[in-house]
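Colleague: Can you put the model up? I have some questions about it.

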Amino acid sequence: PLIILNGEECPDEGTLTEKCIRIHTKHEKKGVFSKEVIEVRIESADVADLTFVDLPGLIAGDKEEYRVAKQQLEELTSAFLHEKNDDGGYKYMPILVRVP
């Protein structure tokens with residue numbers, strides 16, 4: 001299969017993983033949620049078309065220290081869930097996954 005990360009071809013899954021970790025680490029050091037989209041495309045005659053968006057998880061706790069992060073998370077999630085295609089339909093269909 002052809003693997004593309006943000007428009008650039010990756011020779012294998014290991015390179016894809018390394019590049020994704022670098023992007024994640026860059027924003028994690030800043031302590032903020034990033035609006036930067038990581039788009040991974042896998043093209044092959046053997047796979048179905050699928051768009052996958054991994055949004056940040058929930059923040060448990062009501063402490064003041066989480067206030068800014070919760071606001072950032074709400075704004076980021078809302079922007080993705082309300083983004084529309086040119087035809088007026090929603091661009092993304094949310095599938096919620098709960099990790100125990």
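Colleague: Is Glu83 buried, exposed or partly exposed?

Modeller: Glu83 counts as partly exposed, at 31% relative accessibility. The classes are buried for under 20% relative accessible area, exposed for over 50% and partly exposed in between, with a 1.4 Å probe and protein chains only. Before we go on: this is a predicted model, where local features need pLDDT of at least 70 and side-chain atom pairs count only at pLDDT 80 or more, while totals for chains, interfaces and linings use all residues. Residues are numbered from 1 along each chain as its sequence is written, and side-chain values use heavy atoms, with hydrogens and water left out.

Colleague: Which residue does Glu83 meet in a salt bridge?

Modeller: Lys91, at 3.3 Å from N to O. Lys91 is partly exposed too, with a relative accessible area of 39%. The rule for a salt bridge is a side-chain nitrogen of Lys or Arg within 4 Å of a carboxyl oxygen of Asp or Glu.

Colleague: How many salt bridges does that rule give?

Modeller: Four. Among them is Glu64 with Arg67, at 2.6 Å; Glu64 is exposed, with a relative accessible area of 56%. Another joins the side chains of Glu43 and Arg41 at 3.2 Å. Glu43 is partly exposed at 34% relative accessibility, and Arg41 is partly exposed at 40%.

Colleague: Switching to the fold. What is the pattern along the sequence?

Modeller: β-β-α-β-α, which comes to two helices and three strands. Helices (H or I, at least four residues) and strands (E, at least two) are DSSP runs, numbered from the N terminus.

Colleague: What is the strand order in the sheet?

Modeller: E2-E1-E3, in an open sheet with antiparallel pairing. Strands E2 (8-10) and E3 (40-43) stand at the edges with a single partner strand each, so one side of each has no neighbour in the sheet. Neighbouring strands are turned by 30° against each other on average, direction ignored; the axes are lines fitted to C-alpha atoms, for helices over the stretch in contact, and angles run from 0 to 180 degrees between N-to-C directions.

Colleague: How many bridges join E1 to E2, and how many join E1 to E3?

Modeller: Three bridges join E1 (residues 2-5) to E2, and four join E1 to E3. Two strands pair if DSSP finds at least two bridges between them. Leu5 has Glu8 as its bridge partner in E2 and stands opposite Val40 in E3.

Colleague: What lies between E1 and E2?

Modeller: Two residues, as E1 and E2 form a hairpin. Asn6 sits in that loop. Asn6 has a positive phi of about 50° although it is not a glycine, and counts as partly exposed at 32% relative accessibility.

Colleague: What share of the chain is buried?

Modeller: 12% of the 100 residues. The chain exposes about 8,600 Å², with carbon and sulfur atoms supplying 54% of that area. Accessible areas come from the Shrake-Rupley method with a 1.4 Å probe, and for residues only the protein chains shown count as cover.
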